[in-house]
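Student: Please walk me through this model. I want each label set against its cut-off.

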Amino acid sequence: MKRSQHLPRVLPGLLACLIVLSYSTNHAGTMGQHPTGVGSSFKGPIGLQLYSLREQFAKDVPGTLDQVRSFGITYVETHATYGLTPERFRAELDSRGLKAISGHFGYERCRDDIEGIARDAKTLGLQYVGCAWIPHQDPFDEKTCREAIRVFNRAGEALAKHGLNFFYHTHGYEFLPYGNGTFFDLMMAETKPDFVSYEMDVYWVVNPGQDPVKLLEKYGSRFELMHIKDMKPGTPSGFTGHSDVTNNVPLGAGVMNWAAIFRAAKKAGVKWYFIEDESPTSVAQIPQSLRYLEKLKF
């Protein structure tokens, strides 16, 4: 009788202890060893783009953030707050020891509501604010590209006044030929380096037939962030920015030469790396990718 009376009081404390123990177990490598996802060659810092778990977030935000933490992840990149206010989402992150470094926001909002983005970004604690998709009709064209350049320059200058860094995330279509190069070359030439940096999504560089190592060598410190995502052998290439999500495979199981890419990224000065895994099996694949990074030698 006494046990049943006291059990409800004990359970919350016990549950909290188990959660802390779980987190500590996943971070055991940080004491005397390397943090999760970091090895003798790849030094990170490594985080997770939360879009990787979009389906899970749509059903259970707190539970999915627990899942992120269980991977041993500390740093994240946002793309939405799933119906929560930025204040509430930040509180959920903080309660789990998660730190949002960067966030993706829609193109239209970057164009029309940059001050609102700045408020949300500061609430979330972000250092970087980015755009990952330029709305367009295929094929991507010069008019659309030049309008995006104007939007990005304005957004970057406005955000800089708030101490925030703006970036554009590559998505494949900007590598269509233009002049003696590509539309991406045009973007690099006409966005202002003081206000616009770039996030290289390795998948969306390789899919349209580009070489990430050569791009890193060419544009160096303009690339401050990187999405690390591997591509299944035999994946169709193209310039649409669309690909079946099952073509996302764990790092090391696809076509990317990660040793060469990371060597070039380090030389270029890439500051942050984020795993993005759009596969329906991302929950199983993310730990595999973290272990790969820990073991990779270059």
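**Labels and their cut-offs**

Tutor: Proline 139 is found in the loop between strand 4 (128-131) and helix 7 (142-160). Helices (H or I, at least four residues) and strands (E, at least two) are DSSP runs, numbered from the N terminus. This is a predicted model: local features need pLDDT of at least 70, side-chain atom pairs count only at pLDDT 80 or more, and totals for chains, interfaces and linings use all residues. Residues are numbered from 1 along each chain as its sequence is written, and side-chain values use heavy atoms, with hydrogens and water left out.

Student: What makes the peptide bond from aspartate 138 to proline 139 cis?

Tutor: Its omega is near 0°. The peptide bond from glycine 44 to proline 45 is also cis, with omega near 0°. Proline 45 lies in the loop between helix 1 (2-26) and strand 1. Most peptide bonds are trans.

Student: Why is tyrosine 82 called partly exposed?

Tutor: Its relative accessible area is 23%. Buried means under 20%, exposed over 50%, partly exposed in between (1.4 Å probe, protein chains only). So tyrosine 82 counts as partly exposed. Tyrosine 82 also has a positive phi of about 50°, although it is not a glycine.

Student: How do you know that asparagine 248 is buried?

Tutor: Its relative accessible area is 4%, so the buried label applies. Asparagine 248 lies in strand 11. Leaving aside neighbours within four places in sequence, its contacts (heavy atoms within 4.5 Å) include Tyr203, Lys229 and Gln285.

Student: Why is helix 10 called roughly parallel to helix 11?

Tutor: Helix 10 (residues 212-219) and helix 11 pack at an angle of about 10°, with their axes 9 Å apart. Axes are lines fitted to C-alpha atoms, for helices over the stretch in contact, and angles run from 0 to 180 degrees between N-to-C directions. Angles under 35 degrees count as roughly parallel, over 145 as roughly antiparallel, 65 to 115 as roughly perpendicular and the rest as oblique. Therefore helix 10 is roughly parallel to helix 11.

Student: Which residues of helix 12 are buried?

Tutor: Ser282, Gln285, Ile286, Ser289, Leu290 and Leu293.

Student: How do you know that they line one face of helix 12?

Tutor: Seen down the axis, the buried residues fall within an arc of 145°, so they line one face. The arc is that of the directions from the helix axis to the C-beta atoms. Their cover includes strand 1 (46-49) and helix 11 (258-268).
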